[in-house]
Amino acid sequence: MTGVLANQQIEALMDQGVIAADVPFVDGQVQPASLDLRLGTVAYRVRASFLAGKGQRVEDRLADFEMHRISLESGAVLEKGCVYLVPLMERLALPKDISAVANAKSSTGRLDLLTRTITDEGTEFDRITAGYTGPLYAEICPRSFSVLVRPGMRLNQIRFRNGQSVLSDDALATLHEEQTLVNGGPAVIGDGLGFSVDLKPAEGDLVGYRAKPHTGVIDLDKLGHYRPSEFWEELHTTNGRLILDPDAFYILVSREAVHIPPDYAAEMAPFLAMVGEFRVHYAGFFDPGFGHDAAGGTGSRGVLEVRCHEAPFVLEHGQIVGRLVYEKMDQSPSQLYGAGIKSNYQGQGLKLSKHFAA
């Protein structure tokens with residue numbers, strides 16, 4: 001049987017040395033279907049984003065692009081609009097039948113902190129080929145806010161796969177009939193499960209937030225600390241319509257409540273490249289148990305991180321903006337999202353990252 005590896009399988013890979021680290025792993029690093037990756041002790045300011053490419057190591061390519069290096073030991077600010085490369089504490093020695101995909105964590109995406117994983121000989125961001133042996137690096141580009149980081153911070157995560165186990169549209173339709181994957185709107189199935197934007201909230205007229213252009217630094221260790229009004233502009237509408245400004249960053253919410261059953265995992269993907277002058281900016285992992293009744297997740301909705309492109313664009317209530325691609329788990333995870341583990345976004349509606357006061 002193939003599928004996404006569960007937490008107990010990830011822990012077994014750690015015990016076997018398939019996943020190794022410079023310092024001991026920490027509690028809470030393993031999620032139901034993924035492993036959090038930790039920043040190392042140095043950041044390289046680079047001229048541009050890059051991939052190593054076939055036959056080349058990231059370390060060797062750094063000589064072409066490095067501008068200067070920064071120690072993270074006492075904390076360091078990664079400035080808005082700059083590109084940094086940070087060696088991660090974890091490294092891999094994958095078997096020939098195990099591949100991996102990485103992604104920014106929820107809180108990272110909600111801060112518009114573009115964080116992607118690159119590897120030696122890599123030709124794609126966030127994709128680690130089966131059998132890869134070598135180090136991992138995080139490329140970080142703060143888009144809206146400058147951030148203060150330290151070694152050990154977990155900005156991205158990695159999910160391991162044995163083969164390919166993406167559900168077909170027919171299988172997805174069957175699963176929806178059996179376990180109700182979305183409610184609050186119709187199930188739109190096509191290369192995944194479509195979800196739409198909510199611009200007509202049941203209560204009030206707050207529909208989202210837009211990042212302010214000139215703000216202070218956000219210390220990623222400070223949770224529930226910052227006043228939202230210092231970093232975000234509230235967006236209100238009573239007509240179910242929102243005009244997106246070019247190159248602005250928005251936090252919105254899905255109309256549908258999302259459900260990931262315990263034996264499945266999902267990944268958020270853009271709906272269609274040509275759906276409009278915008279995209280849901282950061283794909284994201286949805287772990288087994290997200291939105292699951294028994295794990296306290298009833299009514300959990302998907303938070304959308306949206307960036308508009310060249311022209312102003314009118315977004316309408318109920319417009320499809322993204323899709324969830326479901327995959328089968330290789331084993332049932334021994335822990336579920338929100339069930340006895342610290343899960344910040346179970347049962348969520350429209351919500352900023354955990355760094356902001358409620």
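Buried residues, meaning those under 20% relative accessible area with a 1.4 Å probe and protein chains only, make up 55% of the 358 residues in the protein chain. The model is predicted: local features need pLDDT of at least 70, side-chain atom pairs count only at pLDDT 80 or more, and totals for chains, interfaces and linings use all residues. Residues are numbered from 1 along each chain as its sequence is written, and side-chain values use heavy atoms, with hydrogens and water left out.

**Chain overview**
- The protein chain has 4 helices and 28 strands, taken as DSSP runs numbered from the N terminus (helices H or I, at least four residues; strands E, at least two).
- Of the contacts with a separation of 6 or more, 82% are between residues 24 or more positions apart; contact means heavy atoms within 4.5 Å.
- The accessible surface is about 14900 Å², and carbon and sulfur atoms hold 48% of that surface (Shrake-Rupley method, 1.4 Å probe).

**K54**
- K54 sits in the loop that runs between β5 (42–46) and α2 (58–65).
- K54 counts as exposed because its relative accessibility is 68%, the cut-off being over 50%.
- Leaving aside residues up to four places away in sequence, K54 touches E121 and T123.
- The C-alpha atoms of K54 and D120 are 8.1 Å apart, although 66 residues separate the two along the chain.

**Helix α2**
- V58, R61, L62 and F65 are the buried residues of α2.
- These residues lie on the same side of α2 because they cover an arc of only 120 degrees around the axis, the arc being that of the directions from the helix axis to the C-beta atoms.
- An α-helix has 3.6 residues a turn, so residues three or four places apart point the same way.
- The cover over the buried residues of α2 includes β5, β6 (66–71), β8 (83–93), β10 (113–119) and β12 (133–142).

**Cavity**
- The whole structure holds 1 cavity of 30 Å³ or more; a cavity is a set of points on a 1 Å grid over the protein atoms alone where a 1.4 Å probe fits but cannot get out.
- The largest cavity contains about 30 Å³ of space, a volume being the space filled by probe spheres set on the points.
- Its lining consists of V46, A48, S49, F50, V83, Y84, L85, I118 and E139, where lining residues have an atom within 4 Å of a point.
- β8 supplies the largest share of this lining, 3 residues.
- By class, the lining has 7 nonpolar residues, 1 polar and 1 charged (Ala, Val, Leu, Ile, Met, Phe, Trp, Tyr, Cys and Pro count as nonpolar, Asp, Glu, Lys and Arg as charged, the others as polar).

Note on methods. 1 Å grid on protein atoms, 1.4 Å probe; cavity = no way out; pocket = protein on both sides within 12 Å on 5 of 7 lines; lining within 4 Å.
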